[in-house]
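Thanks for making the time, everyone.

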Amino acid sequence: MFEGYKDVVTVRDLAKMLNIGHNTAYALLKSNQISHVRVGRKYIIPKQSVIGFVEKMCYNNSMIINGRLNNQSSKGESP
């Protein structure tokens, strides 16, 4: 996953990786949903943190049935 990216990514990379806008990327960082280090005004984001975030979101919002990822409804009903 994300093989084309370096081990440490920028906010611009993060936005591209997740197909989100820059404001949303900054919001994820500011809310500490994606682990990072801030040096001055610069965010240093380990690629592994982005992968972990995606895996966590998949686990929290979906379930795997017979090797296929299926979304669950917000009420917890099966798809």
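Let me begin with a term: a nonpolar core is here a set of buried Ala, Val, Leu, Ile, Met, Phe, Trp, Tyr and Cys residues joined through side-chain atoms within 4.5 Å, where buried means under 20% relative accessible area, exposed means over 50%, and partly exposed is what lies in between, using a 1.4 Å probe and protein chains only. What you have on screen is a predicted model, in which local features need pLDDT of at least 70 and side-chain atom pairs count only at pLDDT 80 or more, while totals for chains, interfaces and linings use all residues. Residues are numbered from 1 along each chain as its sequence is written, and side-chain values use heavy atoms, with hydrogens and water left out.

With that in place, the largest nonpolar core has 17 residues, and those with the most contacts inside it are L14, L18, L29, I34, I45 and V50. At least two residues of this core come from each of α1 (11-18), α2 (22-30), β3 (42-46) and α3 (47-61), and α1 gives the most, with 5 residues. The element names follow DSSP runs numbered from the N terminus, with helices being H or I runs of at least four residues and strands being E runs of at least two.

Stepping back to the whole chain, there are 3 helices and 5 strands, and along the sequence they follow the pattern β-α-α-β-β-α-β-β. Of its 79 residues, 25% count as buried. If contact is taken as heavy atoms within 4.5 Å, then among contacts with a separation of 6 or more, 36% are between residues 24 or more positions apart.

How far should we trust the coordinates? pLDDT is the predictor's confidence in each residue, from 0 to 100; its mean over the protein chain is 85, with 77% of residues reaching 70 or more. Confidence is highest in strand β1 (residues 8-9), at 98, and lowest in strand β4 (residues 62-65), at a mean of 54. Where pLDDT is low, the predicted coordinates should not be read in detail.

Now to the sheet, for which two strands pair if DSSP finds at least two bridges between them. In what order do the 3 strands of the open sheet lie? The order is β1-β3-β2, and the pairing is antiparallel. β1 and β2 (37-39) stand at the edges with a single partner strand each, so one side of each is left without a neighbour in the sheet. Between β1 and β3 there are 2 bridges, with V8 standing opposite P46 and V9 opposite I45. Between β2 and β3 there are 3 bridges, and one of the pairs joins R38 to Y43. These two strands, β2 and β3, form a hairpin with 2 residues between them, and G40 in the turn has a positive phi of about 65 degrees.

In a regular strand the side chains alternate between the two faces of the sheet. In β3, Y43 and I45 make up the covered face, whereas K42, I44 and P46 make up the uncovered one.

On the helical side, A25 lies in helix α2 and is buried, with a relative accessible area of 0%. Again leaving aside neighbours within four places, A25 is in contact with V11, L14, A15 and I20, and its C-alpha atom is separated by 6.6 Å from that of L14, 11 residues apart along the chain.

Finally, the loops. Most residues other than glycine have a negative phi. N19, in the loop between α1 and α2, has a positive phi of about 55 degrees although it is not a glycine, and at 72% relative accessibility N19 counts as exposed. N32, in the loop between α2 and β2, likewise has a positive phi, near 60 degrees, and at 57% relative accessibility N32 is exposed too.

I will stop there and take questions.
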